[in-house]
Amino acid sequence: QVQLVESGGGLVQPGGSLRLSCAASGSIFRINAMGWYRQAPGKERESVAIVSSGTTNYADSVKGRFAISRDNAKNTVYLQMNSLKPEDTAVYYCYCDANINWRSASRRDYWGQGTQVTVSS
């Protein structure tokens with residue numbers, strides 16, 4: 001199994017910045033992708049930023065403001081969030097697509113417990 005531990009959420013004023021971190025641990029054979037989703041009250045969970053095989057994908061709403069990066073040696077992914085807006089307020093979930101052994105059937109999606117980001121004056 002793979003465990004994900006997130007950190008870095010909190011309360012910030014509009015226009016401010018936050019950096020989220022997520023470290024993966026456990027029986028990891030290969031990480032195929034890591035990234036972040038978010039879910040605001042009354043809304044569905046949405047993809048924010050994903051990094052896989054050197055490519056990154058961002059939600060249109062965060063392009064130019066958020067930056068995702070990954071430290072492969074530490075199995076850690078970061079999300080630098082700048083120019084935050086009230087509409088960025090949500091619970092942010094770390095996501096990991098990983099294999100726990102060489103078999104393709106071992107591939108699973110894993111989720112962190114979530115970290116609250118609140119953008120408010």
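Guide: Let's begin with a term. A charge sits over a ring if NZ of Lys or CZ of Arg is within 6 Å of the ring centre and within 35 degrees of the ring normal. Please keep in mind that this is a predicted model. With that in hand, look at arginine 19: its charged end sits over the ring of tyrosine 78, 4.2 Å from the ring's centre. Arginine 45 does likewise with tyrosine 93, where the charged end is 3.8 Å from the centre of the ring.

Now for the rings that pair with other rings. Such a pair is described by the distance of the centres and the angle of the planes. There are three aromatic pairs in this structure. One of them joins tyrosine 37 and tyrosine 95: the ring centres are 5.5 Å apart and the planes meet at 65°, so the pair is edge-to-face. These two come from distant parts of the chain, as tyrosine 37 belongs to strand β4 (residues 30–39) and tyrosine 95 to strand β9, 58 residues apart. Tyrosine 95 has 10% relative accessibility, so it counts as buried.

Tyrosine 37 has another partner, tryptophan 111, and this pair is edge-to-face too, with 4.9 Å from centre to centre and 70° between the planes. Again distant parts of the chain are linked, since tryptophan 111 lies in strand β10 (residues 107–111), 74 residues from tyrosine 37 in strand β4. Tryptophan 111 has 37% relative accessibility and therefore counts as partly exposed. Put together, Tyr37, Tyr95 and Trp111 make up one aromatic cluster.

Let's turn to the cysteines. A disulfide is a covalent bond between the sulfur atoms of two cysteines. Here the count comes to one disulfide. Cysteine 22 and cysteine 94 form it, with their sulfur atoms 2.0 Å apart. The bond links distant parts of the chain: cysteine 22 is in strand β3 (residues 18–26) and cysteine 94 is in strand β9 (residues 90–99), 72 residues apart. The torsion about their S-S bond is about -85°, so the disulfide is left-handed. Both cysteine 22 and cysteine 94 are buried.

Cysteine 96 has 0% relative accessibility, so it counts as buried.

Terms used: Residues are numbered from 1 along each chain as its sequence is written. This is a predicted model: local features need pLDDT of at least 70, side-chain atom pairs count only at pLDDT 80 or more; totals for chains, interfaces and linings use all residues. Side-chain values use heavy atoms; hydrogens and water are left out. A disulfide is a pair of cysteine sulfur atoms within 2.5 Å. Helices (H or I, at least four residues) and strands (E, at least two) are DSSP runs, numbered from the N terminus. Buried means under 20% relative accessible area, exposed over 50%, partly exposed in between (1.4 Å probe, protein chains only). Rings of Phe, Tyr and Trp (its six-membered ring) pair if their centres lie within 6.5 Å; planes under 30 degrees apart count as stacked, over 60 as edge-to-face and the rest as tilted.
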